[in-house]
Amino acid sequence: MAKVRVAWFTPEGDSGSISQYFSETILPILKKKFSEKYDIQIFSDNFITSKHFLTAVSEHKKKPFDIFFYQLEDRKSSNFVRIHLGIQPGIVYFHDSYFTTFGPEPILNSPWKDIVCKSNSKKNNWPIRNFEHYQKGPFAYRESAFAGVSVFSSEHQRIEYNRLVEDRVLGGEDKRSYLLPLPGMLATDAIKSSSLKIAYAGKPEIPYRVHKILQAISETENMHFNWLIEKSEETQARELLKAYDVSSFKLFTERSVDNWSSVLSESDIAIHTLFSAFGQLGPYIQSSLISGKPSILTNFASGELYSEKIVFKVQPGNTESMQIREILKTLEDEGLRKEISEKVKSFANEFYNPEVIASELNSIFDNELNRVMLLNKNWNNLRAEARTSLIKEAPKYIGDENVWSERYKEHFQELGWL
Amino acid sequence: MANILVLGVKIPFTGGGQVVLVNSLVKELKGRGHLVDVVELPHRVEPKENLLNEIAMWRALDLREFGGRKVDLVIATKFPSYFAKHPKKSLWLVHQHRDMYDNFGTRYSSFSDDPRDDELRDMLKVGDDKAISECSFVSGISKNVVTRLKNYNGIEGVHLYPPLSQGDKYYNNEPEDYILSVNRLCSIKRIDLIIKALPIIHNHIKLKIVGTADEPHVEDYFKNEIDKHHLWDRVEFLGRVTDEELLSLYAKSLAVFYGPYNEDYGYGTLEAFASSKPVVTCPDSGGVLEFVRDMENGLILEPNTDSIGHGVNKLVEDKDLAIKLGLQGRADIEKLDLLTSGWDEVVEGLLSPLNNTKVAANG
């Protein structure tokens, strides 16, 4: 039986990228567990380690892919994924659905709405050329429109998708989508000490609530703060620590899931506060839970949908630092931490274990294969129509159809364009 | 001796490195006793859909014989001249249509995610693969250009650096208080980087800009930036200058700013070095980096205002450093034979199809 050909788009060389982490974690399992089933070709934006994304469509024409699999996040290293999604729609795994930029060219002037309409046969005309197309943001309307199948690593994003998205290739009422949590990376237990060691990976910016955390720590004794930051954030981080008079801390650089695992190995608990519609908590929260670390989250957006049976939640606002402080005091009890840890590990292993995630991704591919093949067929037809349109237009630039036919047409044929 | 046609591409009313390259090549070939002429067709970047017709135009040319003289060899240079058919075709590639390759996805490309644009990209790429594979000898003007060809089209080529056309005429004078920029005025040359850095650069330093615009609105953009920072007493647009004026401008400059985005080759680098002047460039300037080494013969600075401003100030505050870097630049290109000699290798490569048996299409 022919293998399912998958064009898998992933950034490379960006250790902070969720997409890269997911690819590095799940691909080896997929390749091993389903080696007879999948023929996976990696595409990135370099020529050294993988195939370049600009070769994907010509490869597809020679030997078709069944699935184009994209991961989307609000990160520069994923810009090429955002671009290519508009060239060839597919299955999109959203790690972010709110973007802080409209993206690179050619997205800035993308006629995506017209293209989606045309692909759904709601419109016959091609978009007007050289026309400034208004891009709505910051929600990923364009990217959602090109997702033949939408998968989300955060339930909050999936809810937003269902609420906001109307225009989609493979239109119609069926807005099916999937939640596929990110896999966690296991960390070891911390060595016992007299202080409560706290792991944190938020940026030194207000939405990440570090000011509330540091205030809480400053009002509590025997706390040690392990903070994972980017090198560029160090000055700001140190200023904040000094401002809140937090003297027992350790800074780790750079922010990545691997490094987070190291931080967790030196920590008893983890804090994942975020008061913003942008960004998400994964895969850091999954790594904390799978490592059995009692965790504190903000009850908003990404954090809202985690059960209070497995995490502690704080309400953002005036009493936020007080809430954090009380939870920290509660968690000083080693026995309680151990009890929570067992419960959390058991839950996390069921849902965030990489083997489980790989199997679920396989199920999604199985369930949606026919749908994406229909999408590919429709898109191939659209591209064929695009080529016909280009050929039909060509004589108008010469100004004389007869001259074009006599002098140029044979060369179009010879070059394989006709 | 052979009858040779050099195939060039011209955007009317503009100049640039391509013109210099073709003229220099013709001069060198004639100097070696060959009968040489140039075939140039006009080129328009927009509307990009018409590129298909431009390619067909080149394809339709019969270049085998003129006035009873058989054409022994054609040498193609820039896209889309290499689409011409001839039994013996050499390629000295200046660049392909970069909008669909390395510039795709940047603000320098006009290709969007409209399926028509992507089909066009696919058709042009298929055309490139075919036309360039027909060449009996494939080369590019820099490692950057041949690397692109290998990466995007899977075609191997050798790099043959074009030597300077008047290499023996460049000279060096005591540096005066200005930075020189010599380039076509268009966005990809990023002259705005040095304009925007001027407020950080010491006040007595001026910026002299040689070149004319070949892109709509770019001059307005530069003028807005100059207005915004009240720099009119420090910036001078010189437009086109004579060869003598250009040599003098180079000779008296403190340094040359040359920071384009992913440049193919960059004659400006060689001209600066020939005048013993350091080059200020950026880490994403492509072919320029095949010659410039940071703090050895120039400065490689991040493409932002702060970095360039403070970097240039290093040269302003330490003229001995600027002189030292410039002299090293001169020594470097002398060693590479890019001043007065160096054409033998280029000509030998380009003329090699006259001696080998590879048969190109339309034979």
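In chain B of this predicted model, six strands form an open sheet in the order 2-1-5-6-7-8, and their pairing is parallel; strands are DSSP runs of E with at least two residues, helices are runs of H or I with at least four, both are numbered from the N terminus, and two strands pair if DSSP finds at least two bridges between them. Strand 2 (35-42) and strand 8 (158-159) of chain B stand at the edges, and because each has a single partner strand, one side of each is left without a neighbour in the sheet. Strand 2 of chain B pairs with strand 1 (residues 3-10) of chain B in the parallel sense over eight bridges, and within chain B the residue B:Gly8 stands opposite B:Glu40 in strand 2. Helix 1 (residues 17-31) of chain B packs on the sheet, where it touches strand 1 and strand 2 of chain B, and its direction makes about 170 degrees with that of strand 1 of chain B. Contact here requires C-beta atoms, placed from the backbone, to lie within 7 Å, while axes are lines fitted to C-alpha atoms, for helices over the stretch in contact, with angles running from 0 to 180 degrees between N-to-C directions.

The model is predicted, so local features need pLDDT of at least 70, side-chain atom pairs count only at pLDDT 80 or more, and totals for chains, interfaces and linings use all residues. Residues are numbered from 1 along each chain as its sequence is written, and chains are lettered from A and ligands numbered from 1 in the order in which they are written.

| Bond | Omega | Loop |
|---|---|---|
| A:Gly282 to A:Pro283 | near -10 degrees | A:Pro283 lies between strand 11 (269-272) and helix 10 (284-290) of chain A |
| B:Glu46 to B:Pro47 | about -5 degrees | B:Pro47 lies between strand 2 and helix 2 (51-60) of chain B |

A:Asn222, in the loop between helix 7 (210-218) and strand 9 (223-229) of chain A, has a positive phi near 60 degrees although it is a residue other than glycine. A:Asn222 is exposed, with 12 other C-beta atoms within 10 Å; a residue counts as buried with 20 or more other C-beta atoms within 10 Å of its own, exposed with 12 or fewer, and partly exposed in between, the C-beta atoms being placed from the backbone.

Chain A is divided into domain 1 (4-183 + 355-395) and domain 2 (196-352), with bounds from an automatic or database domain assignment. The C-alpha centres of these two domains of chain A lie 33 Å apart.

Conventions
Contact = placed C-beta atoms within 7 Å.
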